[in-house]
Amino acid sequence: MNQIRAQLELPFASPSPSPVVACSAVLDGQPISYVLHRSHGRRRISLSVDERGLRIGAPLRASMREIETVLRDHARWVVRKLTQWTEKRPPGRRWESGETLMYMGRPLQLNVAAGTENITPQDSALQVSIPRVQPENIAALVRAWLRTQALSDFATRIERYRVAMAVVPADIRLSNARTRWGSCHASGRILLNWRLIQMPARLIDYVVVHELAHLREMNHSPRFWTVVAKEIPDYLARRREIRRDAHQYILD
Ligand SMILES: [Zn+2]
């Protein structure tokens with residue numbers, strides 16, 4: 001029997017088992033924080049580092065002493081990986097002319113001028129006209145524009161795939177989640193992260209199909225992946241690509 005859950009989420013990286021606890025430690029003289037996931041099925045303590053930082057997976061019964069021992073044994077590796085990710089993380093936006101943002105997989109250069117409020121993509125630039133040229137105003141206007149584009153783009157894709165997949169979503173909404181690309185609720189509501197609009201179309205398609213497939217299979221069983229594969233035969237490659245590049249798309 002498949003377990004029916006009320007909601008399934010597509011996280012930025014791998015799904016996180018609960019319970020989850022935020023912890024801190026000192027490694028090589030540096031204070032670091034990490035997230036500890038304990039779970040039933042886990043046999044040993046494992047460490048992973050990605051754009052969210054250090055995460056430790058542990059069996060339910062593992063003691064903090066055991067966990068800290070593993071952490072100390074791998075201190076060098078952890079510190080090196082954390083440094084690599086910090087360097088990989090794009091710098092925060094300044095919201096000014098010349099900056100680049102991603103739109104459907106291609107870079108658009110921000111070109112801001114004072115004037116009546118208006119945004120137009122033009123070749124490889126995003127022309128922004130705004131009465132008060134200030135970072136917070138530009139940010140708000142550009143984000144609102146991206147969300148509008150996202151909603152209409154996602155609606156078109158859903159319309160295309162839902163016919164082929166013979167599913168009827170009850171409701172489509174944009175999400176602003178910090179940790180997941182999409183989710184599907186038992187009620188038939190689908191939430192898609194507006195940040196997806198930065199990705200190439202083929203990756204947006206994968207997320208759309210993934211969520212629609214949950215309307216057929218509310219789980220991640222082999223049957224679910226068969227439904228996905230019918231529309232996206234190379235879904236494994238696309239899923240890998242999204243996980244690999246997630247850090248690029250989590251800017252704000
Ligand atoms: Zn899913």
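Colleague: Why is Tyr103 counted as buried?

Modeller: Buried means under 20% relative accessible area, exposed over 50%, and partly exposed in between, with a 1.4 Å probe and protein chains only. Tyr103 has 11% relative accessibility, so the residue counts as buried. This is a predicted model, in which local features need pLDDT of at least 70 and side-chain atom pairs count only at pLDDT 80 or more, while totals for chains, interfaces and linings use all residues. Residues are numbered from 1 along each chain as its sequence is written, and side-chain values use heavy atoms, with hydrogens and water left out.

Colleague: What makes a polar contact of the pair Tyr103 and Gln149?

Modeller: The term requires a pair of N or O atoms within 3.5 Å; within protein, one must be able to donate a hydrogen and the other to accept it, and residues adjacent in sequence count only if both atoms are side-chain atoms. The side chains of Tyr103 and Gln149 make such a contact at 3.3 Å.

Colleague: Why is H4 called oblique to H5?

Modeller: Angles under 35 degrees count as roughly parallel, over 145 as roughly antiparallel, 65 to 115 as roughly perpendicular and the rest as oblique. The axes of H4 (residues 201–213) and H5 (residues 222–231) come within 9 Å and cross at roughly 140 degrees; H4 is therefore oblique to H5. Axes are lines fitted to C-alpha atoms, for helices over the stretch in contact, with angles from 0 to 180 degrees between N-to-C directions. Helices (H or I, at least four residues) and strands (E, at least two) are DSSP runs, numbered from the N terminus.

Colleague: Which residues of H4 and H5 make the contact?

Modeller: Contact means heavy atoms within 4.5 Å. H4 contributes Tyr206, Val209, His210 and Ala213, and H5 contributes Phe224, Trp225, Val227, Val228 and Glu231.
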